[in-house]
Structure formats: C-alpha cells, structure tokens
Amino acid sequence: MKIAVVNYNAPEAVRVRKIMLKRLATAGFTYDQQHPDLVISIGGDGTLLSAFHMYEQVLDKVRFVGIHTGHLGFYTDWRNFELEDLIHSLQKDQGQAVSYPLLNITQRFSDGSTSQYVALNESTIQQKTRTMVCDVYLNNRLFEGFRGDGLCVSTPTGSTAYNKSVGGAVMDPTITGFQAAEMASINNRVFRSLGAPIILGKETKLTVRLHDDSDCIMTCDRQTLHWNRNEKHLADITYRVDDRRISFAKYRHTNFWDRVHESFIGDVQ
Ligand code: NAP
C-alpha cells in the first residue's frame, strides 16, 4: 500500500509526522505523496480538509485516515499516542471503508463560463458591506427571495461545523443530501424567506441568483473562491450532491452521534 502523509505545520504535528514516516518504513509501506492509496492527515479537522483538497481529483482511488494532535475530531479517529495501533491496523488492511457525501458547487458566469468545486464541509456566499439580496431556486423553480448576510450550504459531515454555528441542523451522514442554512435573514412584512434550514436530497439542486454580485464573497471549505470581477459577473451558483464521496479507512470509526455527543454535550447531566 502506498501512503501519503499531510500534516499541520505545528511542532506536535511535525513530530508525529517524523515518527509516523519511520514506523511506516519499518513496517514495509511505500511512502508516495503523488499517487497514494491512503492519505494520513496529522493535525485537526482543518488539516483533513486541506488533505482532502490536495487529493480531490483522485477521490475514487484514495482513502483517508485522520490523526488528531489534540482532541478527537469529526474526521479524525486516531490520537497522536495511538500510532502503534494504527500501524497494526494498516498491516491488517483489507480495504475496508466508510464513505460520506460531498457538495458540488457550480458557478456560472455572465460570459457563459463555469467553475466547479467540491466541498467536504460547506460553501458559503456572503455580502459583507451590504445586505445580500438573491433569489433561491429549487430544481429551477423559484422558491424564495432572500435578504440577509448570506447562505451556508453544507454536507452532512460539515453540518457540525459552520452550519451549526448559523443555526443549521446536525445531519446524519448516512443521508445522501445537503443542507442550506440562512445567515441573519431579514424577515418582516416586506421581505420574507423561510427562516429555517432546509435539507435537500440527491435529486434536488439549489440555485442562487444574486441581484448584485459586486462585493460577494464565496468560500469552499477553507478556500475563498476568486474570479476576475473586471471581466465577468457571477450569473448564478448551483449546489447539489456531488457524484463522488470521501472514503475513510474503517479500521476503527467513531460513530457520528458519539462524536456529536462528545464534542458538544460531554458529561453534563
Ligand atoms: P478554523 O477557523 O481554524 O477552525 C474551525 C474549527 O472548526 C476548528 O476547531 C475545526 O476543528 C472545526 N471543524 C472543522 N470541520 C469540522 C466539522 N466537520 N465538524 C465540527 N467541527 C469542525 O478553520 P479551519 O481549521 O480552516 O476549518 C475550516 C472550517 O471552519 C470551515 O469549513 C468552516 O466549517 C469552519 N468555520 C466556522 C465558522 C463558525 O463556526 N462561525 C466560521 C468560519 C469557518 P479542528 O480544531 O479539529 O481543526
């Protein structure tokens, strides 16, 4: 098995990387950063997000393993003191995997060109200096007009991240779908949107058409999306479930709802 290692640039993650590379070599694994079968991420969930985007073109060929250098994360099943256990699991590997849905984002521009992105957590669209005004379509039918700070469109596994902070629902990742949550919508006698997060299935696409895109900011996970604003306008953005999924090596895989309980509720009675 060919293994790549992606780490956060902090002393503990660098230390774990060095140990991991030595142990992998001793155990007879091939280190291959270009064409891996397995990608080991060392850091936090944010590091796993970066690793995901490094290998987003080959998602059908790679599985991911996350080692957290702090607390247990949503994409990390191993802690930095469990490297021996992980090596043993790798030696017994039989290709076992668990996979989760991803979000496809298609930007369509005024000159007819398009750009596509894939998100593991979410994509946001916001207008910071003025109220964002847009029309929201579900499968090409006008659903609502929205006014507010913006929209956060997330995957099921991303539902515990930014989505949760803006009042979205935590979504079971065995559901193949995605979610759109409003960010500070204006609801009064004149302007009205649903005012609640919506969860959509794999047959539904959600399209956002901004009334004015001049100072809108779009993100995809950790990245800000850029385009040449002097040359073209953003005509619309369409979100749907991506055809690809992310796969994690399933030697040990913490139940999603156990993670949610551990991260957000803990031992409080
Ligand atoms: P960051 O701002 O440095 O960290 C964001 C935090 O979110 C970290 O504690 C990270 O965990 C955690 N996180 C990442 N994915 C998660 C998930 N699926 N479920 C629960 N928690 C998760 O940013 P970053 O490390 O580059 O991560 C980018 C993500 O930050 C974005 O995808 C977005 O979801 C999130 N974000 C949240 C807000 C907000 O809640 N107001 C605002 C902007 C961005 P680790 O410590 O394990 O890395």
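Strands S3 and S4 (residues 63-68) run parallel to each other and pair over six bridges; helices (H or I, at least four residues) and strands (E, at least two) are DSSP runs numbered from the N terminus, and two strands pair if DSSP finds at least two bridges between them. The model described here is predicted, so local features need pLDDT of at least 70 and side-chain atom pairs count only at pLDDT 80 or more, whereas totals for chains, interfaces and linings use all residues. Residues are numbered from 1 along each chain as its sequence is written, and side-chain values use heavy atoms, with hydrogens and water left out.

Within the pairing of S3 and S4, valine 39 faces phenylalanine 64 of S4.

How well covered is strand S3 (residues 38-43)? Six of its six residues are buried, where buried means under 20% relative accessible area, exposed over 50%, and partly exposed in between (1.4 Å probe, protein chains only). In a regular strand the side chains alternate between the two faces of the sheet. In S3, Leu38, Ile40 and Ile42 lie on one side and Val39, Ser41 and Gly43 on the other, and all are buried, leaving both faces covered.

The ligand comes next. It is surrounded by 17 residues, the closest being Asp45, Glu122, Thr160, Ser165 and Arg222; a residue counts as near if one of its heavy atoms lies within 4 Å. By class, this shell holds five nonpolar, eight polar and four charged residues. Ala, Val, Leu, Ile, Met, Phe, Trp, Tyr, Cys and Pro count as nonpolar, Asp, Glu, Lys and Arg as charged, and the others, Gly among them, as polar.

A polar side-chain atom of arginine 222 is 2.4 Å from a ligand oxygen atom, and a polar backbone atom of aspartate 45 is 2.8 Å from an oxygen atom of the ligand. Asparagine 121 places a polar side-chain atom 3.0 Å from a ligand nitrogen atom. The ligand taken alone exposes 840 Å², of which the protein buries 62%; accessible areas come from the Shrake-Rupley method with a 1.4 Å probe, and for residues only the protein chains shown count as cover. H2 and helix H4 (162-165) are the elements that give two or more residues to the shell around the ligand. H2 gives the most, with three residues.

Threonine 238 belongs to strand S16 (residues 234-249) and counts as buried because its relative accessibility is 17%. Its side chain makes a polar contact of 3.0 Å with that of threonine 207; such a contact is a pair of N or O atoms within 3.5 Å, and within protein one must be able to donate a hydrogen and the other to accept it, while residues adjacent in sequence count only if both atoms are side-chain atoms. Serine 214 sits in the loop between strand S13 (206-210) and strand S14 (216-220), and is partly exposed at 44% relative accessible area.
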